[in-house]
Amino acid sequence: MGEQQAEEIMRPKNMLEKSRPRRAVKLGFVDLKSKGHDRPQPNIDYDIISAGSSVLDALPYPKSARQMLDIDVYALYGGDLPEGLFGGRNEGLLKIQAHTADPQNIAGQEAVASFVREFDVKDDQYAPGFLFSGVFRRILIEGSANIGIDLYEMDSDASEYYGRFKSVVDKVPEIKSIDVLKGIPYLSLATNLAEAVIDVFGKNPDDHIWGELPLLEIKPLIGGAFLRDGIYIIIEAERDRKAMKFEELKYRNNSLVGTTGVKLGAHLVFGLRLREYSGRA
């Protein structure tokens, strides 16, 4: 297959026209400071609070004009993803993207760094392959960060088709330069890859479960989300038609637990770290 054919595959149809997220989500934060801890300790229950809580306002942050942002993923929980295959088994893709400036050209146009990972998980279990997974390093921001979270449920055999598709696009020279685990380069090829897999092989391309691009700011507007060092939770707003409340959830031993018998929905646990930017990447 020539480069022109590969390029055509890499340029899927407009997903925005036919892919709308199905489920609303909430952004929470693990409150370690109320227990006097900088890191989670074993067998301790930590409260989950809104990312817009004034508690975060009191947490320290870099005072430099620009900051370097690191992002890790700690866990992905399947909940009750739709149309699971045999025995409630689900296959899908998680896409995380972050807007970043180029350290070599700060005054230039922002770009998007993308992380894409395939997963296979049963209902109400954690997906393997996400434990302390480094996603981005050295994302350059200026007081705020857009962190896009997209979750897709695949109806076809994602593991089989993803491998076939990747073998094709790997022949494109630009793919060779991608180092997704370091958030490099400042290209959207990983995003295009995810969307193309869904577009070409998904039986129902509109199985877009989450689709959020929250703005986290060091000094947000009233009611806005704070950007701080810590552990964040993306949790579905409802499970079985019942609203999910932060007050009913705890963070214990690197997992989310319900305190009132509440059944957890799909959720993502990830960590953010901010550093001062000194002019060097």
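Me: Leaving aside its neighbours within four places in sequence, with which residues is D72 in contact?

Reply: This is a predicted model, and its contacts are read from the positions of atoms in that model. D72 is in contact with S133, G134, V135, R137, F270 and G271, once neighbours within four places in sequence are left aside. D72 itself is found in strand 3, which spans residues 67-77.

Me: Is D72 buried or exposed?

Reply: The general idea is a cut-off: a residue counts as buried when its relative accessible area is under 20%. D72 has 17% relative accessibility, and therefore counts as buried. The side chain of D72 also takes part in a polar contact of 2.6 Å with the side chain of R137.

Me: How many helices and strands does the protein have, and what percentage of its residues count as buried?

Reply: The protein has four helices and 16 strands. Of its 281 residues, 47% count as buried. Among the contacts with a separation of 6 or more, 78% join residues 24 or more positions apart.

Me: Where is R228, and is R228 buried or exposed?

Reply: A loop residue has to be checked in the same way as a residue in a strand. R228 is placed in the loop between strand 10 (225-226) and strand 11. Its relative accessible area is 0%, so R228 is buried. A polar atom of the R228 side chain lies 3.2 Å from the backbone oxygen of L59. Beyond four places in sequence, the contacts of R228 include L56, D57, P60 and Y61, as well as E217, I218, L272 and L274.

Me: Which residues are closest to the centre of the largest pocket?

Reply: The largest pocket holds about 740 Å³ of space. It is lined by 28 residues, of which D38, R39, Y74, G230 and L272 are the closest to its centre. Two or more lining residues come from each of strand 1 (25-31), strand 3, strand 11 and strand 16 (267-276). By type, the lining consists of 15 nonpolar, four polar and nine charged residues.

Me: What is phi for D240 and for R241?

Reply: Most residues other than glycine have a negative phi. D240 has a positive phi, near 55°, and R241 has a positive phi as well, near 65°. D240 is in the loop between strand 12 (238-239) and strand 13 (242-243), and R241 is placed in the loop between strand 12 and strand 13 too. D240 counts as exposed because its relative accessibility is 54%, and R241 is exposed with a relative accessible area of 84%.

Me: Where is P21, and which residues does P21 touch?

Reply: P21 lies in the loop between helix 2 (15-18) and strand 1. With a relative accessible area of 37%, P21 is partly exposed. Not counting residues up to four places away in sequence, P21 touches H208, I209, W210 and G211. P21 and Y152 are 131 residues apart in sequence, and their C-alpha atoms are 8.8 Å apart.

Me: What is the mean pLDDT of the protein, and over which residues does the pLDDT stay under 50?

Reply: Confidence should be read beside every feature. The mean pLDDT is 78, and 70% of the residues reach 70 or more. Over residues 1-18 the pLDDT is below 50, and this stretch has 26 contacts in the model beyond near neighbours in sequence. The pLDDT also stays under 50 over residues 176-188, where the model has 39 contacts beyond four places in sequence.

Conventions. Residues are numbered from 1 along each chain as its sequence is written. This is a predicted model: local features need pLDDT of at least 70, side-chain atom pairs count only at pLDDT 80 or more; totals for chains, interfaces and linings use all residues. Side-chain values use heavy atoms; hydrogens and water are left out. Buried means under 20% relative accessible area, exposed over 50%, partly exposed in between (1.4 Å probe, protein chains only). A polar contact is a pair of N or O atoms within 3.5 Å; within protein, one must be able to donate a hydrogen and the other to accept it, and residues adjacent in sequence count only if both atoms are side-chain atoms. Contact means heavy atoms within 4.5 Å. On a 1 Å grid over the protein atoms alone, a cavity is a set of points where a 1.4 Å probe fits but cannot get out, and a pocket is an open set with protein on both sides within 12 Å along at least five of seven lines; lining residues have an atom within 4 Å of a point. Grid points are joined across faces, edges and corners, and a volume is the space filled by probe spheres set on the points. Ala, Val, Leu, Ile, Met, Phe, Trp, Tyr, Cys and Pro count as nonpolar, Asp, Glu, Lys and Arg as charged, and the others, Gly among them, as polar. pLDDT is the predictor's confidence in each residue, from 0 to 100.
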